[in-house]
Amino acid sequence: MSYQDRHMISLSNSKLAEAATVTIHTGTVCPCKAVSQDGLTYDAQWHRDNPAPGDEECSGSLLIATTATATNIKAVFYPIGMGGSVLPKNLESLAPIGKIQKDDLFMIGTLNTDTNTFKDLSAINEAIDYITYRSNKYAPRDGQWIPGSVGQTFHLVRRN
Ligand SMILES: [Zn+2]
């Protein structure tokens, strides 16, 4: 049994772990991506030049005609200031992010409770994908692997 499997079992059994959902969007790559300077980023000028119906604004997500899929998950959530000396490495890794809001959360996960397997959130799109926890929506940022690929941690930023 891998360490990742063990971590998933611990999330499944832990009283500290709580239910949430992750909503992931799939869709068509926006044409603005191909014309942007590096071919990877949002191009606001393309959207200004293409206001016609059918030229949907991707709003930085780089995806249009999206479909949302929600997955039930379980993870440990806590207010970002509470880590203290318990998780100094994680807090250090958050320092370069800059502004941390007081209602931001730190998430350690992630168990897919529909399949009881690890939910890899590496490719999550911060611009449109989100975690719903206690009826609030959060944008997941700065995903990091826990050493040994045991699981992943995220800085969750409250959004509307
Ligand atoms: Zn676009």
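Is strand 3 largely enclosed by the rest of the structure or exposed, and how many of its 8 residues are buried? The points below take up this question and then the surrounding elements.

1. Basis of the note. This is a predicted model, in which local features need pLDDT of at least 70 and side-chain atom pairs count only at pLDDT 80 or more, while totals for chains, interfaces and linings use all residues. Residues are numbered from 1 along each chain as its sequence is written.

2. Strand 3 is largely enclosed by the rest of the structure, because 7 of its 8 residues are buried. A residue is buried if 20 or more other C-beta atoms lie within 10 Å of its own, exposed if 12 or fewer, and partly exposed in between, with C-beta atoms placed from the backbone. Helices (H or I, at least four residues) and strands (E, at least two) are DSSP runs, numbered from the N terminus.

3. Overall composition. The protein chain contains 4 helices and 7 strands, which follow one another from the N terminus as α-β-α-α-β-α-β-β-β-β-β. Of the 160 residues in the protein chain, 26% are buried. Contacts (C-beta atoms, placed from the backbone, within 7 Å) between residues at least 6 apart in sequence join residues at least 24 apart in 69% of cases.

4. Partners of strand 3. Two strands are said to pair if DSSP finds at least two bridges between them. Strand 3 pairs with strand 2 in the antiparallel sense over 6 bridges, and Leu111 of strand 3 is the bridge partner of Lys74. With strand 7 (residues 152-159), strand 3 forms an antiparallel pairing over 5 bridges; here Phe106 has His155 of strand 7 as its bridge partner.

5. The hairpin. Strand 3 also pairs with strand 4, in the antiparallel sense and over 2 bridges. Asn112 stands opposite Thr117 in strand 4. The two strands form a hairpin with 4 residues between them, and Asn116 in the turn has a positive phi of about 60°.

6. Nonpolar cores. A nonpolar core is a set of buried Ala, Val, Leu, Ile, Met, Phe, Trp, Tyr and Cys residues joined through C-beta atoms within 7 Å. The largest has 23 residues, of which Ala75, Leu105, Met107, Leu111, Ile131, Tyr138 and Leu156 touch the most other members. Two or more residues each come from helix 1, strand 1, strand 2, strand 3, strand 5 (130-133) and strand 7, and strand 3 gives the most to this core, with 5 residues. Apart from this core lies another, of 5 residues, including Cys30, Cys58, Leu62 and Leu63.

7. Helix 1. In helix 1 (residues 3-13), the buried residues are His7, Met8 and Leu11. They lie on the same side of helix 1 because they cover an arc of only 100° around the axis, the arc being that of the directions from the helix axis to the C-beta atoms. Asp5, Arg6, Ser12 and Asn13, on the other side of helix 1, are exposed. The cover over the buried residues includes strand 1 (17-29), strand 2 (63-79), strand 3 (105-112) and strand 4 (117-118).

8. Thr66. This residue is found in strand 2. Thr66 counts as partly exposed because it has 16 C-beta neighbours inside 10 Å. Leaving aside neighbours within four places in sequence, Thr66 is in contact with His25, Thr26, Gly27 and Ile128.

Technical notes:
Two residues are in contact if their C-beta atoms, placed from the backbone, lie within 7 Å.
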